[in-house]
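Please open the structure in your viewer and keep the selection tool at hand. The tour goes from one selection to the next, with a short account of what is there at each stop.

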Amino acid sequence: MTAKTFAQKAIERASGVADLVPGRIVDAFPDLYMSHTASWRCIRTLEKMGVERLYDVDRVAMVMDHLSPAMNAKTAADHALCREFAKKMGVRNFFDVNSGIAHIVLMEHGLVRPGRFIIGTDSHSTIYGALGAFGTGVGFSEITAAWVTGKLWVKVPESVRIVVDGDLAPGVYAKDVMLKLIGDLGADGLTYESAEFSGSYVEGMSVSERMTFCNLAMEMGAKNAFVAPDDTTLAYLGEAGVPRDELDILLPDEGAAYRATVRLDGPALAPQIAVPHTVDNVVGVGEVAGTKLDQVFIGSCANAKYDDLVIAADVLAGHRVAPGLRLIVTPASAKIMAQASDSGVLTKLIQAGAMITNPGCGACAGNGGAMADGEVTLSTANRNFQGRMGSYDSKIFLSSPATAAASAIRGVITDPREIVSTAVVA
């Protein structure tokens, strides 16, 4: 029997077609179709088709995350349309504006499971690989088609192994690893390929760190990303209420064929920064240290999970945000926000001068945090495209939560190791 990659196995399972090889195109039947605030586009398309019955309503998940709460009458009308549609069709997996970011919410509710094939109206649906699922982004018309037919065509991707070995140094985090990889491989380095992460560092990662890895794989062009499920995965799924006997774990075979293997030495890595205006324009933090900032944003599906907020709060402990700088913190979900509230993390952030907003996509999706001409933001999000956060004449840098928090203290881009080492000496 030919050894297979995870992507081959996942698409074979979803399509019912055996012995698939890279390049083969088949019809796959996704286990879950996620649509976010843009669900209204799917609904309007469905109306034009004249279809009133869905293939499997239990595979539909709708999350009102990008513009929450509604920022104007148009957004409010879109939300209302989605609520009415979900009620009419009996969509049980409907999450309103108070829930948080779609990807995180679906994972918290046990809807993302190993081996599942999941599509979503968001390019960062690759994040589902953190739990061993095949996740990929599609357009709203493809989601609509899946609502009706239950399927969509997919080409089996080639796979690339990315091996990260060794512990990271203090002040260096999963976000730094991914920025380094994106900078080295480029925005099109893994176009329509499956990124399989492995190595001693990967095996020791938390689910949150795996989310950061798989989320940002999209910024290398990946079709999907994957971290092999293990006890850490099972513990997370258990907390989400998923029975172990309902899991269908798929693992790549020993000897599977990969287009390439990329290796990264964890201990040698330093904090990284993506500079304007592309995610693959990456340098070590030292090369841009001292750059004046007007705003710091800690949020997004890449880096607003609970442990991201803890990291930021720990760096900020005993400090205040620099005068004149705005620090915006947007928890990824209501559950994360509640946990951060209960543990005192939110209090630490507020005492340092942060402004806490409701859970959701927030400034990453252009919902708040807009900049004026000439302003500069350091963000923990996954994209820094020109004009994404307000003025076309503003700039966005990307970093880890630790680098973001350290920079908020000094008002300029700062190596977090400087703040941490100062705290240790004190």
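Select Ile-162 in this predicted model and display what surrounds it: leaving aside its neighbours within four places in sequence, Ile-162 is in contact with Leu-181, Leu-190, Ala-195, Glu-196, Phe-197, Ser-198, Met-220 and Val-262. Ile-162 belongs to the largest nonpolar core, which has 107 residues, and is among those with the most contacts inside that core, together with Leu-106, Phe-197, Phe-213 and Leu-327. In soluble globular proteins, nonpolar side chains tend to be buried together. For a second, separate core, select Ala-10, Ile-11, Val-91 and Val-138, which are included in a set of 36 residues.

Next, go to helix H9, residues 231-239, and colour its buried residues, which are Thr-233, Leu-234, Tyr-236 and Leu-237. These four cover an arc of only 160 degrees around the axis, which means that they lie on the same side of H9. An α-helix has 3.6 residues a turn, so residues three or four places apart point the same way.

At the start of H9, select Asp-230 and Thr-232, where a side-chain oxygen of Asp-230 reaches to within 3.0 Å of the backbone nitrogen of Thr-232. After H9 comes Gly-241, whose phi is positive, near 85 degrees.

For the last stop, select Cys-301, Cys-361 and Cys-364, which UniProt lists, in an unreviewed entry, under "binding site". Although they span 64 residues in sequence, no two of their C-alpha atoms are more than 9.1 Å apart, so the three gather at one spot.

Where in the chain is Cys-301 placed? Cys-301 is in the loop between strand E14 (295-298) and helix H10 (306-316), and with a relative accessibility of 9% Cys-301 counts as buried. Not counting residues up to four places away in sequence, Cys-301 touches Ile-101, His-103, Ile-104, His-124, Ile-127, Asn-215 and Asn-382.

Cys-361, in turn, is found in the loop between strand E16 (355-356) and strand E17 (376-379), and Cys-361 counts as buried at 9% relative accessibility. Beyond its neighbours within four places in sequence, Cys-361 is in contact with Asp-65, His-66, Ile-101 and Phe-297.

Definitions and conventions
Residues numbered from 1 in each chain as written. Predicted model: local features only at pLDDT ≥ 70, side-chain atom pairs only at ≥ 80, totals over all residues. Heavy atoms only, no water. UniProt positions renumbered as here; feature names shortened; annotations may be inferred. Helix = DSSP H or I, 4+ residues; strand = E, 2+ residues; numbered from the N terminus. Buried < 20%, exposed > 50% of the residue type's maximum accessible area, 1.4 Å probe, protein only. Contact = heavy atoms within 4.5 Å. Arc of directions from axis to C-beta. Polar contact = N/O pair within 3.5 Å; in protein donor to acceptor, adjacent residues only side chain to side chain. Core = buried A, V, L, I, M, F, W, Y, C linked by side-chain atoms within 4.5 Å.
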